Amino acid sequence: SSLSQNEIVNGLKEALEVGTSKTVQALSKTDGYYKNPKLKIPLPESVKKVESILRATGFDSQLNAFELSMNRAAEKAAPEAGALFVDAIKDMTFSDADKILNGPDNAATEYFQNKTTDKLQTLFKPIVQQSIDKVGVTQYYKSISEKVQTIPFADDYVVDLDSYVTEKSIDGLFIRLAEEESKIRNNPAARVTDLLQKVFPTPVGPANNIE
């Protein structure tokens, strides 16, 4: 109640600028997805169903390379999210900020999901397509799928790689953003400006120390 509307909006915008910037930077690095168990893009379900058979028949290296290449494609696409997040921050109203401030720990993340998911899918997909070609996803998948076809009970092994990697990339983006949001809300050390410390004056839960 002691904060003006301007302070609330500007404080939330600062929080979102900090959180989205850290999220994009973290995911754009090599292993940003691959070395994070929460974000790592796994083998498609149709491949996982026969993974043990494939590994038993000498396809370890192909499976590992396929999984790694999907994550590399996601890491190459991640930087493109930055501009969309900036636009969503600029569009924030006092009503949006008030709902976020008084909402759950992921209220800002939900705001971004509502504002940017469709645009992210449109933006990410062609970038993922290009990245998939560059890092060899299709090549690895082709060799695996040819092997899967020789397994009698394997069904529906065909995967739309562009859609799969795009969807998982965006899922990971919002998971990481939710972690950053939680840190700002709950960890005083994450409030890197005076205004953030004023808008989020006291922790509302356990500190989140995710790097």
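At what angle do the axes of helix α7 and helix α9 cross, and within what distance do they come? This model is predicted, so read every value below as computed from it.

Start with the two helices. Helix α7 covers residues 107–135, and helix α9 covers residues 161–186. Their axes cross at roughly 145° and come within 8 Å. The crossing is right-handed. Sort the residues of this contact by class and you get 14 nonpolar, nine polar and four charged.

Is Q121 buried, partly exposed or exposed? Its relative accessibility is 40%, so Q121 counts as partly exposed. That value lies between the 20% and 50% limits. Set aside the neighbours within four places in sequence, and Q121 is in contact with T166 and I170. Look at I170 along the chain and then in space. Q121 and I170 are 49 residues apart in sequence. Their C-alpha atoms, however, are 7.6 Å apart.

Move on to α9. R176 belongs to this helix. Its relative accessible area is 6%, so R176 is buried, because the limit for that class is under 20%. Which side chain does R176 join through a polar contact? The partner is E180, and the contact spans 2.4 Å.

Next, look at the rings. How many aromatic pairs does the structure hold? There are three. Take Y111 and F112. Their ring centres are 5.7 Å apart, and their planes meet at 65°. Planes over 60 degrees apart count as edge-to-face, so this pair is edge-to-face. Y111 has 8% relative accessibility, so Y111 counts as buried. F112 has 0%, so F112 counts as buried too.

Finish with another pair of helices. Helix α4 runs over residues 60–77, and helix α8 over residues 137–148. They pack at an angle of about 145°, with their axes 9 Å apart. Which hand does this crossing have, left or right? α4 passes α8 in a left-handed crossing. From α4 come Q62, L63, A65, F66, S69 and M70. They meet V137, Y140, Y141, S143 and I144 in α8. By class, this contact has eight nonpolar residues, three polar residues and no charged ones.

Methods
Residues are numbered from 1 along each chain as its sequence is written. This is a predicted model: local features need pLDDT of at least 70, side-chain atom pairs count only at pLDDT 80 or more; totals for chains, interfaces and linings use all residues. Side-chain values use heavy atoms; hydrogens and water are left out. Axes are lines fitted to C-alpha atoms, for helices over the stretch in contact, and angles run from 0 to 180 degrees between N-to-C directions. Helices (H or I, at least four residues) and strands (E, at least two) are DSSP runs, numbered from the N terminus. A crossing is left-handed if the near helix is turned anticlockwise from the far one by less than a right angle, and right-handed if clockwise. Contact means heavy atoms within 4.5 Å. Ala, Val, Leu, Ile, Met, Phe, Trp, Tyr, Cys and Pro count as nonpolar, Asp, Glu, Lys and Arg as charged, and the others, Gly among them, as polar. Rings of Phe, Tyr and Trp (its six-membered ring) pair if their centres lie within 6.5 Å; planes under 30 degrees apart count as stacked, over 60 as edge-to-face and the rest as tilted. Buried means under 20% relative accessible area, exposed over 50%, partly exposed in between (1.4 Å probe, protein chains only). A polar contact is a pair of N or O atoms within 3.5 Å; within protein, one must be able to donate a hydrogen and the other to accept it, and residues adjacent in sequence count only if both atoms are side-chain atoms.
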